[in-house]
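This report describes selected parts of one structure. Please have the sequence and the model open while reading.

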Amino acid sequence: MTAGSSKTPGGTPATDAAEAPHVLVRTEGRAGFLTLNRPRAINALTHPMVLRMEEALTAWERDPAVETVVLQGAGERGLCAGGDIRAIHEDARSGGTATLGFWRDEYRLNAFIARYPKPYVAFMDGIVMGGGVGVSAHGSIRVVTERSRVAMPETGIGFAPDVGGTHLLGRAPGELGTHLALTGAQADAADALLAGLADRFVPSQDLPRLADELTRAPAHEVLPRFARTAPPGRLAAAREWIDACYAADTVEEIVDRLLDHGAPEAKETATVLLTKSPTALKVTLAAVRRARTLDSLEAALDMEFGLSRIALSSADLVEGIRAQVVDKDRDPRWTPPTLAEVTDADVARYFTRPSDPRKLR
């Protein structure tokens with residue numbers, strides 16, 4: 001029985017039928033198409049989806065007939081809203097470890113995408129968050145549209161940016177990445193381009209034609225014909241107060257600088273930060289700063305896996321998902337509840353883990 005159907009940007013029919021694959025894999029002409037196919041969940045990633053993507057990419061890597069890979073999302077709402085955090089919530093509540101296996105394979109997929117030897121064109125249309133950033137923003141050609149909303153919103157659920165998010169945000173100009181990491185703010189097309197999370201702007205209505213052209217010609221010939229100038233974003237005008245305030249050494253000082261700054265947006269941002277998990281904020285700041293010093297995406301992913309392992313057993317991850325996704329009361333009770341109560345030792349614990357012989361690199 002079919003719950004409903006729609007068209008992906010590339011024109012592939014998608015359905016939420018129980019028997020439908022959650023990743024549609026097809027080839028047409030010169031291109032291989034990966035379509036994330038859970039539209040009712042905004043294509044949230046599951047472990048089997050990650051494994052299916054890796055399997056297809058591995059096969060196409062060796063297939064001379066496939067010159068370009070295209071990633072797209074089914075439905076009208078977005079490419080991917082992230083990992084299936086309801087499943088993560090249940091695992092964390094029960095003290096399980098299944099999520100660790102999911103994260104390990106997901107992070108390996110992120111690294112595989114980053115080093116993929118063929119053009120990997122990601123249609124970052126609509127909502128692209130968390131794990132959705134991981135399967136798109138490490139690609140060689142990242143396409144945003146006027147509908148794009150790109151974000152790493154982990155601090156709002158008691159977590160820290162993962163899937164290579166610290167690597168991406170740590171390399172954004174100035175302190176833009178710090179701002180996006182701590183607040184979880186959504187970047188539109190211009191903001192994503194400015195922050196280095198995307199490469200090209202293409203109007204959403206042109207994505208089906210772009211996908212069709214990629215089946216017949218190389219990506220480097222096709223993309224320039226479709227690329228346009230993105231509508232103005234907000235981050236460029238905010239660079240002055242973002243760079244000045246987020247250059248501080250601690251989250252407390254960042255908040256103080258935001259409150260003291262004359263820009264109304266800075267004060268509003270301080271209020272937003274104070275709603276996030278205090279522990280997650282401090283861990284995230286430390287992680288983004290550390291990622292700037294690491295020599296590779298793989299090193300950042302390995303660091304993030306350590307953070308994620310600790311977070312899975314933390315009270316804040318369970319509470320944050322409960323408040324934002326399960327009960328939706330938007331009133332998380334963080335432990336500890338204030339920045340002042342999060343000690344240096346609390347933060348350091350996230351960066352210390354036993355040596356793992358199955359590292360991500």
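## A buried glutamate

E298 is buried, its relative accessible area being 19%. Buried means under 20% relative accessible area, exposed over 50%, and partly exposed in between, with a 1.4 Å probe and protein chains only. E298 belongs to helix α14, residues 297-312. Helices (H or I, at least four residues) and strands (E, at least two) are DSSP runs, numbered from the N terminus. L274 is 24 residues from E298 along the chain, and the C-alpha atoms of E298 and L274 are 31 Å apart.

## Basis of the model

The model is predicted: local features need pLDDT of at least 70, side-chain atom pairs count only at pLDDT 80 or more, and totals for chains, interfaces and linings use all residues. Residues are numbered from 1 along each chain as its sequence is written, and side-chain values use heavy atoms, with hydrogens and water left out.

## The sheet and its edges

Six strands make up an open sheet with mixed pairing, in the order β3-β4-β5-β7-β9-β11. Its edge strands, β3 (23-28) and β11 (200-201), each pair on one side only. Two strands pair if DSSP finds at least two bridges between them.

Strands β3 and β4 are antiparallel and share six bridges. Within this pairing, T27 has G32 in β4 as its bridge partner. Helix α8 (residues 207-214) packs on the sheet and touches β3, β4, β5, β7 and β9 (141-144); contact means heavy atoms within 4.5 Å. The direction of α8 makes about 170 degrees with that of β7. Axes are lines fitted to C-alpha atoms, for helices over the stretch in contact, and angles run from 0 to 180 degrees between N-to-C directions.

## Strand β5

Strand β5 (residues 68-73) is largely enclosed by the rest of the structure, because six of its six residues are buried. On one side these are T68, V70 and Q72, and on the other V69, L71 and G73, so both faces are covered.

Strand β4 (residues 31-36) runs parallel to β5, and six bridges join them. In this pair, L36 is opposite G73 of β5. From β4 the chain passes through helix α1 (residues 47-61) to β5, a right-handed β-α-β crossover. Right-handed means that, with the strands pointing away from the viewer, the path from the first strand over the helix to the second runs clockwise.

## Strand β7

Strand β7 (residues 120-124) is parallel to β5, with three bridges between them. L71 has A122 of β7 as its bridge partner. Four bridges join β7 to β9, also in parallel, and F123 is partnered with V143 in β9.

Five of the five residues of β7 are buried. Y120, A122 and M124 cover one face, and V121 and F123 the other.

## Helices α6 and α12

Two packed helices are described by the angle between their axes and the distance between the axes. For α6 (residues 176-183) and α12 (residues 264-273), the axes come within 10 Å and cross at roughly 45 degrees. The two helices are therefore oblique to each other: angles under 35 degrees count as roughly parallel, over 145 as roughly antiparallel, 65 to 115 as roughly perpendicular, and the rest as oblique.

H179, L182 and T183 of α6 meet T269, V272 and L273 of α12 in this contact. Of the contact residues, three are nonpolar, three are polar and none is charged. Ala, Val, Leu, Ile, Met, Phe, Trp, Tyr, Cys and Pro count as nonpolar, Asp, Glu, Lys and Arg as charged, and the others, Gly among them, as polar.
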